[in-house]
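These are my notebook entries on a structure that I looked up entry by entry. The coordinates and sequence come first.

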There are 2 protein chains.
Amino acid sequence: MRSTKPSRRVDAEVVVKPVKLPKGPPPAAPPCKVAILGFGTVGRSVAKILWERPSARARFHVTYIYNRNVERKRVSWLPQDVRWTDRIEDVLNSDVDVVVEVVGGLNPAEHWVRAALQSGKSVVTANKQLIARCGPELAALAKKKGRHIEYGASVAGGIPVLSGLQDGLSGDRLFRVCGILNGTCNYILTRMESAGVSFAAALKEAQEQGFAEADPTDDVDGYDARSKLAILARAGLHTEVRPEEILCCSIRVIEDVDFMYSNMLGCTIRQVSCAEKQGRLLYASVQPSLVPLASPVARVHSSQNLVMATGEYGGETVFSGYGAGGNPTAVAVVSDLISIARRGEYAMNGIPEVPHTPRKVTSDFTTKHYLRVTVKDKPGILYSVTRICNRYQINVDSVLQKPGFPKEKLPFVVTLEACKAATVEKAMKEIAQLEFLVQPPVCLPMMD
Amino acid sequence: MRSTKPSRRVDAEVVVKPVKLPKGPPPAAPPCKVAILGFGTVGRSVAKILWERPSARARFHVTYIYNRNVERKRVSWLPQDVRWTDRIEDVLNSDVDVVVEVVGGLNPAEHWVRAALQSGKSVVTANKQLIARCGPELAALAKKKGRHIEYGASVAGGIPVLSGLQDGLSGDRLFRVCGILNGTCNYILTRMESAGVSFAAALKEAQEQGFAEADPTDDVDGYDARSKLAILARAGLHTEVRPEEILCCSIRVIEDVDFMYSNMLGCTIRQVSCAEKQGRLLYASVQPSLVPLASPVARVHSSQNLVMATGEYGGETVFSGYGAGGNPTAVAVVSDLISIARRGEYAMNGIPEVPHTPRKVTSDFTTKHYLRVTVKDKPGILYSVTRICNRYQINVDSVLQKPGFPKEKLPFVVTLEACKAATVEKAMKEIAQLEFLVQPPVCLPMMD
């Protein structure tokens with residue numbers, strides 16, 4: 001565990017001269033001219049940090065701010081010489097060094113980012129959709145132009161997980177990246193858990209608090225998280241996967257009764273994103289899952305994020321913190337700006353890992369499952385369910401039935417021993433046909 | 001929390017050409033010649049990873065391995081052309097590109113690292129003592145020579161926390177860095193906690209398991225952790241502090257009864273290292289402390305490490321994983337090698353933060369305290385203790401006394417409301433003089 005104690009011997013043959021440290025502050029580099037595309041929560045926070053922090057103010061000058069109907073966005077605390085515009089060409093034809101894209105979405109952001117790189121500007125973006133879809137291509141374009149593209153804010157906001165995987169853990173051979181990548185889902189699920197409220201009530205609360213959008217589809221149905229998972233798989237597992245190839249299951253099916261039953265099993269429920277490399281296969285999915293209360297994943301509360309990377313040599317490394325919100329996301333953007341300023345004209349030597357293209361992307365994890373069936377009570381129900389499981393050679397691990405539910409709508413839970421998810425899915429389809437069911441069955445993987 | 005939805009409008013004036021991605025693997029760079037100084041657990045793991053991982057094997061050639069009495073260290077799984085030597089001059093006069101120093105200790109490692117840099121080699125080191133003491137000076141020497149020095153393994157082994165603070169969170173203004181930096185102490189304390197054994201028994205176990213050295217002083221008395229804390233304060237808080245300026249308290253005073261009482265208070269005990277910047281003051285200490293069971297710090301088990309960084313903008317970010325052991329430490333070393341190979345000849349533009357030199361380093365945190373007094377029971381004891389507290393205007397928060405202890409050696413606990421540590425220390429000195437004490441009192445800070 002520890003390095004060996006050194007000898008006290010000093011080799012006389014090795015002559016070493018002392019070095020004088022330079023006195024005073026380092027010489028000032030010319031400030032880096034920055035344009036911000038999108039002056040919403042994140043854009044405003046970026047401008048604020050660049051203006052408030054003396055060291056950042058000396059390095060970076062925000063010279064352009066682009067937004068649609070920009071007049072309503074103007075703030076008085078930025079210097080007078082900032083040019084506010086709603087014409088993107090003003091920015092693209094300007095002399096800015098770096099364009100910060102915090103508009104989000106694919107269109108027109110993709111177009112603008114390409115144009116910025118083409119015109120010789122570096123880019124910092126928080127855009128997970130864009131990077132998941134065309135990260136390598138944009139990086140190649142940046143390299144060709146002798147510029148940089150950075151996207152630390154595209155996954156897990158303020159948590160420096162991309163640099164952690166790409167640089168800090170580059171010495172390991174990572175095979176699994178797992179975590180909680182969507183703050184909205186986590187807010188909703190932890191509210192359901194702690195306040196015992198329904199999904200609908202928790203969603204409404206999240207919307208009122210600004211943690212969810214009017215149309216929550218992207219978040220609650222897993223599309224947001226799967227873009228981030230695709231980026232993590234690229235950065236950590238050197239594996240290219242398109243977001244569409246990743247199975248997404250919505251958290252809308254979760255009811256408060258699921259938390260009750262999970263708790264009896266020593267678990268809680270989280271939206272878990274997981275990618276795991278096994279030979280030429282990539283297992284990947286974004287699903288609400290049962291997680292043991294003792295796991296770090298269970299302890300992620302409110303809108304926080306967590307990423308757990310597992311490597312052959314270093315074991316599990318965990319990164320957690322605020323994965324969303326104006327300020328944490330802006331911290332990631334400003335860190336990327338600093339990184340670009342530090343590197344200046346020099347491109348990295350590269351020597352990248354050869355990206356591994358999986359033969360197949362699958363969600364067919366071998367795992368235990370939690371199966372909730374809601375029925376109109378009558379004799380023989382458990383027999384019918386277990387008979388189907390038996391036919392697929394799925395072993396039932398436990399049956400849980402809490403008292404106090406109405407006979408007309410009685411939820412009970414069957415946990416299944418570890419088996420292939422695809423097998424469980426087939427059994428589920430048959431179970432869903434049973435005539436005594438009053439709503440579709442809910443089936444969730446259980447994390448070890 | 002989320003960026004605004006983009007418009008679907010595309011600006012006709014902006015013309016973007018598609019980019020072709022290069023096909024096939026990237027062109028091979030010449031391999032980087034590496035010497036390893038010290039072929040103990042970490043050195044062996046470094047060689048193993050560089051040899052086992054195909055991508056690493058293509059980039060790095062281990063050409064020299066130095067160790068005292070090197071013959072007993074030879075392994076058969078490394079290629080024949082590796083030169084094994086016990087003459088450091090062989091390495092220093094060779095054409096290696098990077099010297100990996102995993103010998104540890106100040107002397108002669110400092111001498112060798114300087115000599116390697118002087119002779120135009122880059123250096124990767126896991127040496128916390130060396131980096132805590134002369135990191136900036138060695139970095140300046142490396143820069144002067146157009147070379148690099150990296151030391152990701154010097155703090156928290158496999159957890160990429162230094163790059164996280166210096167790069168990933170550079171956009172924030174961090175003011176506190178806190179955590180569990182010594183795996184040996186954590187192993188001992190978590191064994192005492194879970195198995196209810198004494199400090200001596202847990203230490204013996206740690207030694208048998210290879211988690212503690214024959215002389216455990218460096219670890220259990222906090223000297224190891226304070227070097228790491230000094231490096232973290234420099235990387236995250238841009239504050240220079242000498243290890244000797246940081247208060248160290250040993251965990252030797254902790255008894256199993258302290259875990260019993262801590263538990264009654266909803267806490268457990270960990271060796272906590274903490275540095276916090278407040279204006280021109282730096283609060284810093286390494287102490288066994290009570291930590292709430294709900295805190296991430298309480299959930300660090302066995303020899304794991306954890307670092308929690310708190311910033312003005314991004315809030316709390318947590319890094320955790322394996323902070324020690326051959327493989328995790330070697331992952332950090334290999335990651336540093338990769339980082340040097342990626343940068344090649346190019347030095348970073350630098351523009352470092354101007355380091356802040358604190359006017360004063362202090363351990364005078366304002367905090368709640370846990371005070372255990374072990375007495376020969378007689379009337380008036382609590383009165384005597386609380387009278388002293390009262391004289392120093394320290395408010396008693398609670399008094400705990402478990403039944404079942406012998407009257408001749410009765411431990412009881414007083415918790416104190418938040419006040420300055422220095423005030424508590426003065427009161428402690430008086431309490432220590434009370435004639436009914438059968439052993440010195442134990443006073444621990446309580447984390448919020």
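**Conventions.** I worked on a predicted model, in which local features need pLDDT of at least 70 and side-chain atom pairs count only at pLDDT 80 or more, while totals for chains, interfaces and linings use all residues. Residues are numbered from 1 along each chain as its sequence is written, chains are lettered from A and ligands numbered from 1 in the order in which they are written, and side-chain values use heavy atoms, with hydrogens and water left out.

**Chain A overall.** I looked up the secondary structure of chain A and found 14 helices and 17 strands; these are DSSP runs numbered from the N terminus, with helices being H or I of at least four residues and strands E of at least two. The C-alpha trace of chain A spans about 85 × 70 × 40 Å along its principal axes. Of the 448 residues in chain A, 58% are buried (buried is under 20% relative accessible area, exposed over 50%, partly exposed in between, with a 1.4 Å probe and protein chains only). I then took the contacts in chain A (heavy atoms within 4.5 Å) between residues at least 6 apart in sequence, and 74% of them join residues at least 24 apart.

**Nonpolar core.** I asked which residues have the most contacts inside the largest nonpolar core. That core has 173 residues, and the answer is Ile36(A), Phe60(A), Leu232(A), Ile36(B), Phe60(B) and Leu232(B). A nonpolar core is here a set of buried Ala, Val, Leu, Ile, Met, Phe, Trp, Tyr and Cys residues joined through side-chain atoms within 4.5 Å. In soluble globular proteins, nonpolar side chains tend to be buried together. Not counting residues up to four places away in sequence, Ile36(A) touches several residues, among them Val46(A), Val62(A), Tyr64(A) and Val100(A).

**Ser335(A).** I placed Ser335(A) in helix α12 (residues 326-343) of chain A. Is Ser335(A) buried or exposed? Its relative accessible area is 4%, so Ser335(A) is buried. Leaving out residues up to four places away in sequence, I find Ser335(A) touching Asp167(B), Gly168(B), Leu169(B), Ser170(B) and Gly171(B). I also noted that 46 Å separates the C-alpha atoms of Ser335(A) and Thr423(A), which are 88 residues apart along the chain.

**Backbone entries.** I found a cis peptide bond between Asn107(A) and Pro108(A), with omega about 10°. Pro108(A) lies in the loop between β4 (98-101) and α4 (109-118) of chain A. In chain B, a cis peptide bond joins Asn107(B) and Pro108(B), again with omega about 10°, and Pro108(B) is in the loop between β4 (98-101) and α4 (109-118) of that chain.

I next listed positive phi values outside glycine. Asn69(A) has phi near 45° and sits in the loop between β2 (60-66) and β3 (83-85) of chain A. Asn69(A) is exposed, with a relative accessible area of 52%. Gln393(B) has phi of about 55° and belongs to the loop between α13 (381-391) and β15 (396-400) of chain B. Gln393(B) is exposed, with a relative accessible area of 71%.

**Helices α4(B) and α5(B).** I asked at what angle α4(B) and helix α5 (residues 128-144) of chain B pack. The angle is about 10°, with the axes 10 Å apart; axes are lines fitted to C-alpha atoms, for helices over the stretch in contact, and angles run from 0 to 180 degrees between N-to-C directions. The two helices are therefore roughly parallel to each other (angles under 35 degrees count as roughly parallel, over 145 as roughly antiparallel, 65 to 115 as roughly perpendicular and the rest as oblique). Residues of α4(B) including Val113(B) and Leu117(B) meet residues of α5(B) including Leu138(B) and Leu141(B). I record the contact of α4(B) with α5(B) as 8 nonpolar, 1 polar and 4 charged residues; Ala, Val, Leu, Ile, Met, Phe, Trp, Tyr, Cys and Pro count as nonpolar, Asp, Glu, Lys and Arg as charged, and the others, Gly among them, as polar.

**Helices α7(B) and α8(B).** The axes of helix α7 (residues 183-195) and helix α8 (residues 199-208) of chain B come within 9 Å and cross at roughly 125°. That makes α7(B) oblique to α8(B).
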